[in-house]
Every structure is written in structure tokens, then in C-alpha cells.
Amino acid sequence: MTKENKITKNQLEKIKKILEVFQICDSTFPIGTFNHSYGMETYLRDNKVTDNDSFEKWLGTFLQTQFKWGEGLLVKLALEALQKGNVEKIWQYDKEITLSTSAIETRKGAKLIALQMIELILQIYDDDSPEIKLVKEYQEKINNDKAYGNPAIVFAIFMKYKDIPAFESTCYYGYSIVTTMVQNAVRTIPLGQKSGQRIMHDIFDVVLKLCEEISQLDERYLGANVPGIEMSQIRHETTVFRLFMS
Amino acid sequence: MDKYDGYTELSFIPKNGRTLVDTLKYHGQSRVSARMQLNNEDTLCYFLIAMGGGLTEGEDYYTKISLAEDTRAIISTQAPTYIFKCDNHEITHQINEISVKKDAILEYLPDSLIPYRNARYRQDSEINVEKGGTLIYTDGLTSGWSPDGTEFSYEDIQLKTQIIYDGNLMYADNVILEPNVFKMQDLGFFDNYKNYDSLVVVNEKIDDAFVKELQDKFKQQDKVRVGISKLEGPGFVMRILGDNINFNRKVLMDCVDDIRGKLFGSPKLDLRKDPRFVY
């Protein structure tokens, strides 16, 4: 092996960081997202989402509206606040994203996922870094009803910990939502695994485009929504046959 | 108030167990009706009026409504409010500032907004409800109007509503509709429906059981799609999507009547508007 081909310590550290991010974004990372359909199940029971095309349509709309203005934008805003050392902003965003959510199940779901993500991160990473301390503080606040809890904020703290910039972070978070939703759809609609992967690949362009748009948005858009997506999440509460918690 | 193209201010105070109007001001393109006599009750009721039937491109409108302790009032509109076309892409802006003190009851029940082709509109409502106060608040939007009958031909609309209860933010509703970017009939937007209505009610007695009862009563409808969910505090939101504004309105007002009866022993509300005339 020549000296030039030797992998540097820097390269190793960089790729390790990326692998660690992949782990958190993977649909098998057990934070309970497989229990939540973000309202998709209501469309499924109403026979509006029935196959590859209708699922892809739903996923595209969900990502470009509620996700873009909601958790997607929240990752960016929270990370930018953390980069400026403005922790108070994080608690304000936690409140705003939760109170802009009309469906009680969606608020409860976000809290559950946030708590499970926190627990898992704390099991894997237990050090004295300011970010891990902040994750612990968030956990305490949620458990004492001082904060509501949202996974996008936990994710942003983790991205700060791994020193990943805002644009990449929103893309990775988008990826994690897409991979989870595709797996949920494969299981319940059901779709074929291969179709699921094809849809996932097609939707990457949508994710990149909306993350580009997010980079231009400010906090006035946080928590915005559209009627249909919101209605499906509200109505999930009273849907008789349910596999998902929201 | 001169900086607004339309300005309305209405405030109410208590006197010997009744409610009196303390301030009634309007300016520019805005007017307020004379007191409306209602059929079944003597609650004070006024209609807000936009001169020319609607809001004009690029203009700013401001409405301030305050209810002091122990007062009660109903505010509605004379007719649906048109948002006129914005051919120069200038945004029309409505700001609502509402305050409801302890033991006061405000029913704010405007008719729907009808956006013209190319209309651009922003609505910002900030509503402060003191502990013990009651708010019954509606918002409605049709698929709009255009000369050739095309639906959703407006450019973009944002409806923001912040409700602060007992000094704390309780609900921050933010609806964004962009027919210039997305097809509004599609899945997730209007799901092939045309009309959108929203009702928010805040009152100390609203808890999980109260909301469950409403869900059981209203969730199944033939002609419209209805969703009801409890807010983070003593309140709930009801959403309605439907094809015909009168069916939306019927469910909305049935729910308002149900709430009025349950919370205050009030009769069914009759605003004396002929639906055939209004819509």
C-alpha cells in the first residue's frame, strides 16, 4: 500500500459521523415511528390511498406541506438557534410546533417519538458534551410538562452534536421520514417491497427540492398546514379500524 | 386608524347585568351595521360590512373587538366577503385583534371568504381570552370566483389565528393555500371538496369528555367531512370540508347551537340571514 492510498484519520472520522447519522435515520431505529401514519391510515380506510400511485401522491403532498412547514423547517430553525447558542429559542419552537398542530393524536405521537429518540440517543451516547446534556434537559422538561416534545428538535440537537450543517440535516431528516413512511405503506396498504423502494427513490427529488425551499423559510411559516392532511389526522382519532396510533 | 384602508373598532362593557356598546368606530372602506335584532334572544349583535362587498388589492384592513368582563356579543358579517383580484400581485391584508375578558362571551361568526381569480390574501388574527371567558370563532373559505367558473383560481391565501388563553399560547392555526403551486382539488389539500370551514371554541368546561360527546354527535355526516379534536387547553377545533357551502354552514351552526345550549342555555342562533340570498 502506498502512502497516498492510506485512508486518513480525518476521512475515517468523517465517514463514521455519516454512519452514525444513517443509524438514527434508518426506519429500523426503534423510536416507534412504525406506529404512526401521519394521517395516511385515514386515507387508507377511506379508500383514497390504495396503491403505489395514490400513496406516492399522498407522500408528495404530505412532504411538501405539513412536513416542509413543520418538522422539516423545525430541524433547520432549531439547528440554527443551537449554532448561535440560543437555547431559549428551542423551547419556544417546541411550543409553537405543538400548538399549531390541530390533531391531538399527532401531538401525542410527536411527544412519544421524541421521548423514545431521546432515550435511545442517551443509551448510545453518554458523555459530558453540551449537546448530550441538552438532550437530557429536554427529556426532563418533557417529563415535567415544561416542554411538549418533538423529534425534529431532538434530531437537530443530535446534528449539532455531529456538526452537520442545516441543509444536510433537513435532507437527512426528510430521508428518515420517507423511509419510515414507505415501510409503513408496504406493510399496510400493502405495497410490494420493490415498488416501495422505487417510490422512495422517486421521492428523493421532492425531498431535495423542499429542503432547498426550507433553507429560504423563516419562523413565520412554522407549523403551517393544509386542510386535507390536517383533516385526515384529526379524523384518525375516530376511525374505527386502526393499526396506527396516529 | 388612518394608516388602514378599512378600520373597525367595537368594544363592549357591562351595565346592570346587560351589555352596552362602549366604542363603535369605523373608517375608510369598513362599516358596522346598526344593532341587529335577533329572533330568539336579546344578545347584542352587529354585522361587519366591507364597502363594495369585499377587500381590495393591496389594502390593509384592521378590526378590533373587545369584550369587558361579564359582557356578551355576536359579531357576524352582512354577506360573504369577496377578496377582489390582485392583478398586480399585491397582497390584501386583514388583521383581527380580539380580546375577551373573564365571564365574557364572544361569538364571532363571519360568512365565508370568496377569493376572486388571482386574489392574494393574508389574515392575521390574535385572540386573547382571559380565564373564564368564552370564544366561539369561525373561519370559512370557498373555492372562489372567476369569470369562467374555474375553481381555486386565486393565487395564494394564508390564514393565521393565534389564540392566547389565560396568558399562554393555546392554539396557533396557520393554513396556507397556494393554488399557484399545487392543485387544490388533490389528495391532502381539499380532497376534491370545495369549501373549508373551521370552528374554534374556548371555554373552561371543555374537556376530553365534552369533545368525545361532540365527536359522537357530529363526526358522521352524509354531505360533508367533519373532524373534531381537543386543543391543548379548554377548547376544541372543528373542521369541515364539503361541496356545498350551505351544507358546511348547516353543520357549523348546528354545532354552535349545541354549544350555546350546553354552555349557556341559549336558544338556537337565528341571524336572520336567508341562505338563498346570502349564498
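**Core, sheet and contact side**

Tutor: Start with the core. The largest nonpolar core has 149 residues. Those with the most contacts inside it are A:Leu74, A:Ala78, A:Ile153, A:Val154, A:Ala156, B:Leu106 and B:Leu135. Keep in mind that this is a predicted model.

Student: Which helix gives the largest share of this core?

Tutor: Helix 3 of chain A, residues 52–83. It supplies 15 residues.

Student: And what is A:Ile153 in contact with?

Tutor: Setting aside neighbours within four places in sequence, A:Ile153 is in contact with A:Leu74, A:Ala78, A:Ile90, A:Tyr93, A:Asp94 and A:Tyr138.

Student: Switching to chain B. How many strands form the open sheet?

Tutor: Seven, in the order 2-1-6-9-12-14-15, with mixed pairing. Strand 2 (18–28) and strand 15 are at the edges. Each has a single partner strand, so one side of each has no neighbour in the sheet. From one strand to the next, the twist averages 5 degrees.

Student: Let's zoom in on strand 14 of chain B. Which residues are on its covered face?

Tutor: The strand covers residues 156–165. B:Ile157, B:Leu159, B:Thr161, B:Ile163 and B:Tyr165 make up the covered face. The uncovered face has B:Asp156, B:Gln158, B:Lys160, B:Gln162 and B:Ile164.

Student: In what sense do strand 12 and strand 14 of chain B pair?

Tutor: Parallel, over ten bridges. Strand 12 spans residues 120–129 of chain B. B:Asp124 has B:Lys160 of strand 14 as its bridge partner. B:Tyr121 stands opposite B:Ile157.

Student: And how many bridges join strand 14 to strand 15 of chain B?

Tutor: Nine, and these two run antiparallel. Strand 15 covers residues 168–177. There, B:Tyr171 is the bridge partner of B:Ile163.

Student: New topic. How many residues of chain B are in contact with chain A?

Tutor: 27 residues of chain B, in contact with 30 residues of chain A. Strand 15, strand 17 (224–230) and strand 18 (235–242) of chain B each supply at least two residues of that side of chain B. Strand 15 gives the most, with nine residues.

Note on methods:
Residues numbered from 1 in each chain as written. Chains lettered and ligands numbered in written order. Predicted model: local features only at pLDDT ≥ 70, side-chain atom pairs only at ≥ 80, totals over all residues. Buried ≥ 20, exposed ≤ 12 C-beta atoms within 10 Å, placed from the backbone. Helix = DSSP H or I, 4+ residues; strand = E, 2+ residues; numbered from the N terminus. Pairing = 2+ DSSP bridges. Contact = placed C-beta atoms within 7 Å. Axes fitted to C-alpha atoms, helices over the stretch in contact; angles between N-to-C directions. Core = buried A, V, L, I, M, F, W, Y, C linked by C-beta atoms within 7 Å.
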